[in-house]
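Good morning, colleagues. Please look at the structure on the screen while I describe the surroundings of its ligand.

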Amino acid sequence: MTVNLNSKISDLDGVGPSYLKKLEKLGINTIRDLLFYFPRRWDDFSKITPISNIKVGEAVSVKGVIWEINTKKSRKGTPVTEAIITDDTGTCKAVWFNQPWLEKSLEKGEEIFLAGTLEFSFTGASFVSPVFEKVHEEGTIEDLRHVGKIIPVYSETDGLNSKWLRQKIAGLAKLVYGIKDHLPESVKDDLDLIELSAAIRTMHYPENFDELKKAQKRMFYDNFFCLFCAVLSNKKETEKNKSIVIDYDEKIGKEFVESLEFTLTDSQRKSAWQILKDISRTYPMNRLLEGDVGSGKTVVCAMPALMVAKKGYQTVILAPTEILARQHFESFKKLLGKFEIKIDLFIGAQKESEKKEILKNLKEGETQIIIGTHALLSPDIKFWTLGLVVVDEQHRFGVEQREVLKKINENGITPHFLSMSATPIPRTLAITVFGDLEISTLTEMPQGREKVSTFLIAPEKRRDGYKFIDEQIEKGRQVFVICPLVSASDKLGVKSAEEEAKRLSEGIFKHRKVGLVHGRLKTEEKEKVMKDYKDGKIDILVSTSVIEVGIDIPNANIMLIEGAERFGLAQLHQFRGRVGRGEHKSYCFLFTDSDSEITMARLDALLKSENGFELAERDLEIRGPGELLGIKQSGKIDDTLLEAIKNPDSIHKIRDVAEKYLSGNNISENQILLEKVAEFSTAAKLE
Ligand code: ADP
Ligand code: MG
């Protein structure tokens, strides 16, 4: 059956129901998909190595005659086929497991190519399950698909191996010429990229590694060009919306800065300025304010909120938890106390009558700043006119929620939007994933903040650690203890907050006040514990990761983390940022039961670095970007983003070229590019 690019994969010769299932598992549904299924790596079997020159551990190709071949049963009953191969220079051994049919297809005296890596095992040096191919009488190296060349190795699934894929893909080689290139010539020129069809061919069958590099570059740049087209088009769309122009009022600005108990850092000043400039335009601001825990983001967002209020419009501040909402409420009252602005808090814990009153004031425009959780964006809550939305510590604020913003005012005005995050997102990643956002970064900490001394404590030193803690409590300090789980589980050895609080309060710290907070407590209970802790009524607060973000308790100076290996580095860094906020020398103690090398290397990074950005990059390598960004794991996006981190210069270049292309061209006139870009639109809209 002749197939074309759009044929179903089931139309391909040799693809029956069982192969079909396996191919679908790899995401291959059409012939085109198969051609775009690129190798995971390439083995260099391009040179034939004389047998006497083979070194253990080197990937080589060998050409020789089968001297002997036979299949035995191992002690466990698995068939083991062994062959001795010989050429003019020597002999070597090859072993295959559980493939008894090999003995029938390969015969003594036949000449074969063999490709693999010589390994040492209990039977001596041998090739273990090498790839092989018979040397046909008339055959030349060019006809070979599996050996004697640079060989593609694909990600395999059970029973669908590289050998099968190679054969099928090679059979479709001609179709590759029919694939139209979606990249415009000018873009290919600007980025120095080869044709799509040439790149695809080379990805599967590179003549040499230089060519392969060019093909990989083409595919990698291609992905990013399309991603940026998607992202930048979104941005253009956003900029068509109308917003309220909030001019900078110099007098109020000055008054605000002078009213502060501290001097703003340079990066606070710069970020505030960027935000104030954004909100003075006719289209909505769309900005991310990034800054490590404790870098002082709150004061930065208070300034635009003040300007908006003074202009007569409203601001909503959204926090991920009610505890944080309450804290913001306190901070805002303090920061803006002298400006005669009505600031309200709206959380679940309030009485119905109280809530009603708050919402009424909001609707009538009495309230200028309202602080709460995302519940405030529900459709039945009405604003007078919302001018600014600030979302704290919530990078999962998705595109649907932004759509809500467009409709939130009945007069068609879209509020300005500011999100704030302590998750340090490396710039390269930020412009990729959050490509339609402008970014401000707080790069420095307020002065007078001391480094938190971090220690990894060996299990046998636990008692010493507790003794030190007790001395600190005696001096009036307070302690956080973080556990990975809320309550006891089957997971042996993983500490739960409930058990740990009990253990500490009945044992070594029975003379101290131990508190417990976790996500399963009712809001009022949580609030009460946090308040007691803040008021100094609790010495040791045992908690799960609920306190991860934002909580400000300057008197707490010890952060003890149980099961540290179970948290991401960026997350551990955030825990650590809970202490060191006051005048007291602060400490972070890490406990782990794991002694794996990876755990040790990761935790060691935390001991050595206080830079959230650096730690996030390490996390990225280990856990993938999805986890850091809180976006759904997706192989394609994860891999692409990881590549991006490794190539920051190219990423910026590609973005520039995409911007240039979009400014001179209408993308909707290029149908195939448009389709390609649409594939990336959803990815781009993850944020
Ligand atoms: P985060 O960026 O983690 O949200 P906050 O806004 O909560 O940080 O600020 C942390 C603490 O630092 C607050 O107590 C705040 O008053 C204080 N702070 C903010 N800016 C400065 C500054 N420039 N100098 C001194 N202290 C500051
Ligand atoms: Mg904060």
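A nitrogen atom of ligand 1 lies 2.9 Å from an N or O atom in the side chain of glutamine 268, a polar contact being a pair of N or O atoms within 3.5 Å. An oxygen atom of ligand 1 is 2.8 Å from an N or O atom in the side chain of lysine 297, and an oxygen atom of the ligand is 3.5 Å from a polar backbone atom of serine 295. Taken alone, ligand 1 exposes 560 Å², of which the protein buries 80%; accessible areas come from the Shrake-Rupley method with a 1.4 Å probe.

The model is predicted: local features need pLDDT of at least 70, side-chain atom pairs count only at pLDDT 80 or more, and totals for chains, interfaces and linings use all residues. Residues are numbered from 1 along each chain as its sequence is written, chains are lettered from A and ligands numbered from 1 in the order in which they are written, and side-chain values use heavy atoms, with hydrogens and water left out.

Finally, among the 38 residues lining the second largest pocket, Phe262, Gly296, Ser331, Arg449 and Asp552 lie nearest its centre; pockets are open sets of points on a 1 Å grid over the protein atoms alone, where a 1.4 Å probe fits, with protein on both sides within 12 Å along at least five of seven lines, and lining residues have an atom within 4 Å of a point.

Definitions and conventions: A polar contact is a pair of N or O atoms within 3.5 Å; within protein, one must be able to donate a hydrogen and the other to accept it, and residues adjacent in sequence count only if both atoms are side-chain atoms.
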